[in-house]
Amino acid sequence: MKRLTKGVHHIAIKCAGREHFDKTIHFYHTLLGMPIVREWQTNEGMPCAMVDIGGGMMEIFSNAEDTLPQGTLRHLAFATDSTDDCIETVREAGYEITMEPTDICIASNPPYPARIGFCIGPVGEEIEFFQEK
């Protein structure tokens, strides 16, 4: 069997507003010493950051609603050399695709181009396939 993923690329946390975002950055960056790799803002002007957690990243958003049905852990992202192959494989196995493979560029400094796609996993977890460009 051909292995399609290379490991966890990042996990994502949605914080309910700026206060929770600042508390989360303080905990992971200031207290635990995890470096901030990228920072940007959502279209609504809310801060976001990507923190190096060692062996992967944590993406921290500040634009969550008060209550998230899946909790604060937003999704699990796997690093891959081919988002398209991953999406096609899970589609053929009958899993729901929630986002077709899409080229993006996170407007951070430096810019962060990638190709991503999402599906719903076997027990309802949201999974992203993340191909750095």
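Mentor: What follows is a short talk through the packing and the surface of this model, which is a predicted one.

Trainee: OK, which residues make up the largest nonpolar core?

Mentor: That core has twelve residues, namely Ala-12, Trp-40, Cys-48, Met-50, Met-57, Phe-61, Ile-106, Tyr-112, Ala-114, Ile-116, Phe-118 and Phe-130. At least two residues each are supplied to this core by β3 (47-52), β4 (57-61) and β7 (112-120), and β7 gives the most, with four residues.

Trainee: And what is Trp-40 in contact with, leaving aside its neighbours in sequence?

Mentor: Beyond four places in sequence, Trp-40 is in contact with Met-46, Pro-47, Cys-48, Ala-49, Met-50, Glu-59, Phe-61, Ile-106, Ala-107 and Ser-108. Apart from the core discussed above lies another, of nine residues, including Ile-13, Ile-25, Val-51 and Met-58.

Trainee: Switching to Ser-62, is that one buried or exposed?

Mentor: Ser-62 counts as buried because its relative accessible area is 1%, under the 20% cut-off, and it is found in the loop between β4 and β5 (73-80).

Trainee: What does a polar atom of its side chain lie 2.7 Å from?

Mentor: The backbone oxygen of Pro-47 is at that distance from the Ser-62 side chain. Met-46 is 16 residues from Ser-62 in sequence, yet their C-alpha atoms are 6.0 Å apart in space.

Trainee: Last one: which residues form a nonpolar patch on the surface?

Mentor: Phe-27, Leu-31 and Leu-32 do, with about 300 Å² of accessible area together. Phe-27 is found in helix α1 (residues 18-31), and Phe-27 is partly exposed, with a relative accessible area of 40%.

Methods: Residues are numbered from 1 along each chain as its sequence is written. This is a predicted model: local features need pLDDT of at least 70, side-chain atom pairs count only at pLDDT 80 or more; totals for chains, interfaces and linings use all residues. Side-chain values use heavy atoms; hydrogens and water are left out. A nonpolar core is a set of buried Ala, Val, Leu, Ile, Met, Phe, Trp, Tyr and Cys residues joined through side-chain atoms within 4.5 Å. Buried means under 20% relative accessible area, exposed over 50%, partly exposed in between (1.4 Å probe, protein chains only). Contact means heavy atoms within 4.5 Å. Patches are made of residues with over 30% relative accessible area and no salt bridge: like charges are joined within 9 Å, nonpolar side chains (Val, Leu, Ile, Met, Phe, Trp, Tyr) within 5 Å. Accessible areas come from the Shrake-Rupley method with a 1.4 Å probe; for residues, only the protein chains shown count as cover. A salt bridge is a side-chain nitrogen of Lys or Arg within 4 Å of a carboxyl oxygen of Asp or Glu. A polar contact is a pair of N or O atoms within 3.5 Å; within protein, one must be able to donate a hydrogen and the other to accept it, and residues adjacent in sequence count only if both atoms are side-chain atoms.
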